[in-house]
Amino acid sequence: MDLANSCGEPMIELIGCCKSFPGQNGRKTVAVLDAIDLTISDRELVCILGPSGCGKTTLLKLMAGLLRPERGEVCIDGRPVQGPGGDRAMVFQNFALLPWADVLTNVAFGLELRGVTKQERAERARALVREVGLEGFEQHYPHQLSGGMQQRVGLARALAVDPRILLMDEPFGALDAQTRRQLQEEFLRLHDIAPKTVVFVTHSMSESVRLGDRIVLLTSRPGRIREIVPVPLPRPRSPDLETDPTQTALKEYLWQRLRAG
Ligand SMILES: Nc1ncnc2c1ncn2[C@@H]1O[C@H](COP(=O)(O)OP(=O)(O)OP(=O)(O)O)[C@@H](O)[C@H]1O
Ligand SMILES: [Mg+2]
């Protein structure tokens, strides 16, 4: 199953991307990603699902321009990615908040780098803090927040720069089931209001089905694309879809495919 998505024009293209890292202490090179070909459309939400260590974070970093492929090319709107850019923002696997800065400063961080005035930074950061449900915690520091709250700060910080592309690395992975579900629904609501092109890495089959337009299944290292599975569920995604037979069948299908190794 590999259907083209009808969201929009091709936006992110990975063409034959390979990446390896030098081995430590004279060990041989570790091949991490092998010949990745992937086209993501404008405003599409693509989930990347694959075993631990298969290269998911590496794949996002290639799209972010934080790493360069050894072979192949990453293009955005047909132009090769040369490095990080204001069109992309990444939500990191481990929150990556500034521990010495309060919530507002963390959210406004990317804006400062982009030369937005102090007053505008404060206004935008306050609005986003409200948007992600953290009103009243503006002056709290990361160590005073729960994991879920820290992840909300990470999301607000990525949204603050109003990127066209959101690269999300297991953003809800460290959360308890209830908080995770709540954040998924809030994220879907934000995505319905202002759709962006989203690449969302997850370990969770349910999460990928709940959120994605398509699911990219990777093999274990070196990561290759095993299959691209379209999710034929309408948007906005209703929470009642949980018991929808299509959703149940899709999760079972993913499980069978991943179990096959
Ligand atoms: N900067 C680096 N230097 C050397 N090796 C690296 C580097 N970054 C990643 N690797 C190696 O690349 C492989 C893939 O790492 P990556 O973080 O992309 O996996 P992942 O699929 O995101 O895993 P997880 O699901 O556990 O987050 C691992 O073997 C890792 O050790
Ligand atoms: Mg990772």
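This is a predicted model: local features need pLDDT of at least 70, side-chain atom pairs count only at pLDDT 80 or more; totals for chains, interfaces and linings use all residues.
Local features were considered at pLDDT of at least 70 and side-chain atom pairs at pLDDT 80 or more, whereas totals for chains, interfaces and linings use all residues. Residues are numbered from 1 along each chain as its sequence is written, and chains are lettered from A and ligands numbered from 1 in the order in which they are written.

The domain assignment of the protein chain, with bounds from an automatic or database assignment, gives domain 1 (1-87 + 165-261) and domain 2 (97-162). The C-alpha centres of domain 1 and domain 2 are separated by 25 Å. Across the boundary, nine residues of domain 1 are in contact with nine residues of domain 2, two residues being in contact if their C-beta atoms, placed from the backbone, lie within 7 Å. On the side of domain 1 that touches domain 2, the largest share, three residues, is contributed by helix α5 (residues 177-193). Helices (H or I, at least four residues) and strands (E, at least two) are DSSP runs, numbered from the N terminus. That side of domain 1 comprises six nonpolar residues, two polar residues and one charged residue. In this classification Ala, Val, Leu, Ile, Met, Phe, Trp, Tyr, Cys and Pro count as nonpolar, Asp, Glu, Lys and Arg as charged, and the others, Gly among them, as polar.

Axes are lines fitted to C-alpha atoms, for helices over the stretch in contact, and angles run from 0 to 180 degrees between N-to-C directions. Helix α2 (residues 103-113) and α4 have axes that come within 7 Å and cross at roughly 30 degrees. The two helices, α2 and α4, are therefore roughly parallel to each other; angles under 35 degrees count as roughly parallel, over 145 as roughly antiparallel, 65 to 115 as roughly perpendicular and the rest as oblique. The crossing of α2 past α4 is right-handed, a crossing being left-handed if the near helix is turned anticlockwise from the far one by less than a right angle, and right-handed if clockwise. From α2, V103, N106, V107, A108, F109, G110 and L111 take part in the contact, and from α4, V153, A156, R157 and A160. By class, the contact of α2 with α4 consists of eight nonpolar residues, two polar residues and one charged residue.

For helix α3 (residues 118-131) and helix α4 (residues 147-160), the axes come within 9 Å and cross at roughly 135 degrees. This angle makes α3 oblique to α4, and the crossing of α3 and α4 is right-handed. The contact involves R124, A125, L128, V129 and E131 of α3 together with A156, L159 and A160 of α4. Six nonpolar and two charged residues, with no polar ones, form the contact of α3 with α4.

The axes of α2 and α3 are 9 Å apart, and the helices pack at an angle of about 125 degrees. That places α2 oblique to α3, and α2 passes α3 in a right-handed crossing. Here V103, L104, V107, A108, L111 and E112 in α2 meet R121, A122, R124, A125, R126, L128 and V129 in α3. The contact of α2 with α3 contains nine nonpolar and four charged residues, and no polar residue.

Ligand 1 is surrounded by F21, V30, V32, S52, G53, C54, G55, K56, T57, T58 and Q93, a residue being assigned to the shell if its C-beta atom, placed from the backbone, lies within 6 Å of the molecule. The elements giving two or more residues to this shell are β2 (30-41) and α1 (56-64), and α1 supplies the largest share, three residues. By class, the shell around ligand 1 is made up of four nonpolar residues, six polar residues and one charged residue.

Backbone geometry was also examined. Most residues other than glycine have a negative phi, and most peptide bonds are trans. A cis peptide bond joins R221 and P222, with omega about -5 degrees; P222 lies in the loop between β9 (214-218) and β10 (225-230). A cis peptide bond also joins R235 and P236, where omega is about -5 degrees, and P236 belongs to the loop between β10 and α7 (245-259). D162, although not a glycine, has a positive phi of about 50 degrees, and D162 is found in the loop between α4 and β7 (165-169).
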